[in-house]
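Please look over the sequence and the three-dimensional structure shown below before reading on. The report that follows takes up individual elements and then the whole chain.

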Amino acid sequence: MDAEHRDYDIAIIGGGPAGLTAALYAGRNMDRAVLFEAKGPGGQLLNTELIEDYPGFKSILGIDLAEVMAEQAVRFGATLVSSEVNGIRVEADGTKCIDTPNGEYRAPAVIVTAGGNPRKLGIPGEEEYAGRGVSYCAVCDGAFFRDVHLAVVGGGDAAVEEAIFLTRYASRVTLIHRRQEFRSQPILLDEARKNPKIDFLLDTVVEAIEGDDKVRNLALRNVVTGARSTFDVEGIFIFVGFIPNTRLVDSHVDHDKAGYYLTDPMTMMTSVPGIFAAGDVRSQLTRQITTAVGDATTATIAASKWVEEWRRGREEARAEAV
Ligand SMILES: Cc1cc2nc3c(=O)[nH]c(=O)nc-3n(C[C@H](O)[C@H](O)[C@H](O)COP(=O)(O)OP(=O)(O)OC[C@H]3O[C@@H](n4cnc5c(N)ncnc54)[C@H](O)[C@@H]3O)c2cc1C
């Protein structure tokens, strides 16, 4: 690839719903856009079985939605590069240099749509039994646990949704949550409560995961009474949040306590001029496909305008210097 193809108007980091939407809008805006995706286009859609809350589709498989979004992004001219981005460096004139294992790309504007990774419990046995009974993805691993008792840990949408999903395979699913109240949507919780295969262990934390060649039991503690117990299960699915992929930029970017980028609500621009953020990397009330695509639409239109103004500013500065 020659140097010419490494200069773009907008670089998009991550090819989940937010990144693919940004690529679609950048293409339609006639901006030269490049999207970097480390794994495969679709992001978390690839770990989601059935989506029933994305308008326009009564229900659609995650992989099918990913495929349609990727096709649509490419149709409008965005370049998709299958590569991880190692980091983003901001030059003195505002140009962003995107470092990849195959060399550097450049663009005045960057939209970070890199999503996040599952948060770990950080307890003994979690790492040791990863892939041997500890999982962070029900769609990926659920089918390996047929007719057994599973535990799901967490209190948000993902935990409740995935507990329901796992009842397809497991004989029993125990949802373990450290509080009484759930953060998940009431409609999901209601569905879980009505499911005869699901029971609840509340005010309870998992202190260790134990077993032999695979998971056999959990060491539990009731946070109210302090009582400790051993709980027999053959698998544990952990859904206790995400760590956003927000460590790509070499300079400081304002973020919230959990590490999510703070953005201007009108433009999705971060505290670094020309760096925008959309989707799950952004500090916001909820993280859904709809919010990711909405953020990305705003971010891309704002980025396009920002690039135009940045170019005009540079030309004016050059003219003044002559
Ligand atoms: C199990 C599960 C079920 C869900 N169910 C639903 C649902 O039913 N409805 C709903 O609306 N939402 C659902 N969600 C949430 C939804 O999937 C996310 O909110 C959405 O995918 C966020 O999109 P995103 O583009 O911001 O990030 P992601 O989908 O996380 O995509 C980020 C992409 O960036 C890539 N990336 C990261 N770092 C780099 C790097 N350095 N270089 C290059 N690429 C990089 C990753 O590989 C990934 O593909 C679910 C999530 C999960 C986990």
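Which residues of helix 4 are buried? They are Ala158, Ala159, Val160, Glu161, Glu162, Ala163, Ile164 and Leu166, where a residue is called buried if 20 or more other C-beta atoms lie within 10 Å of its own, exposed if 12 or fewer do, and partly exposed in between, with C-beta atoms placed from the backbone.

## Basis of the model

This is a predicted model, in which local features need pLDDT of at least 70 and side-chain atom pairs count only at pLDDT 80 or more, while totals for chains, interfaces and linings use all residues. Residues are numbered from 1 along each chain as its sequence is written.

## Overall layout

The protein chain holds six helices and 20 strands, these being DSSP runs numbered from the N terminus, with helices (H or I) of at least four residues and strands (E) of at least two. Of its 322 residues, 41% count as buried, and the C-alpha trace spans about 80 × 40 × 35 Å along its principal axes.

The chain is divided into domain 1 (3-117 + 242-321) and domain 2 (120-238), with bounds that come from an automatic or database domain assignment. The C-alpha centres of domain 1 and domain 2 lie 34 Å apart.

## Helix 4

Eight of the ten residues of helix 4 are buried, so this helix is largely enclosed by the rest of the structure. The cover over its buried residues includes helix 3 (138-141), helix 5 (186-194), strand 12 (149-153), strand 13 (172-176), strand 14 (198-201) and strand 18 (235-238), where contact means that the C-beta atoms of two residues, placed from the backbone, lie within 7 Å.

The buried residues of helix 2 are Gly62, Leu65, Ala66, Met69, Ala70 and Ala73. Seen down the helix axis, these buried residues fall within an arc of 130 degrees, so they line one face, the arc being that of the directions from the axis to the C-beta atoms. The face turned away from the buried side carries the exposed residues Glu71 and Arg75.

Strand 2 is included in what covers the buried residues of helix 2, and Leu35 has its place in that strand (residues 33-37). Leu35 is buried, with 29 other C-beta atoms within 10 Å, and, leaving aside neighbours within four places in sequence, Leu35 is in contact with Ile12, Gly15, Gly19, Ala23, Ala73, Ala78, Leu80 and Val81.

## Surroundings of the ligand

The ligand is surrounded by 36 residues, the closest being Gly14, Gly16, Gly43, Gly115 and Gly279, where a residue counts as near if its C-beta atom, placed from the backbone, lies within 6 Å. Elements that give two or more residues to this shell are helix 1 (17-28), strand 2, helix 4 (157-166) and helix 6 (289-321), and the shell draws at least three residues from each of domain 1 and domain 2.

## Positive phi angles

Most residues other than glycine have a negative phi. Asp203, although not a glycine, has a positive phi of about 55 degrees; Asp203 lies in the loop between strand 14 and strand 15 (204-211) and is partly exposed, with 14 other C-beta atoms within 10 Å. Met268, also not a glycine, has a positive phi of about 70 degrees, and Met268 is buried, with 28 other C-beta atoms within 10 Å.
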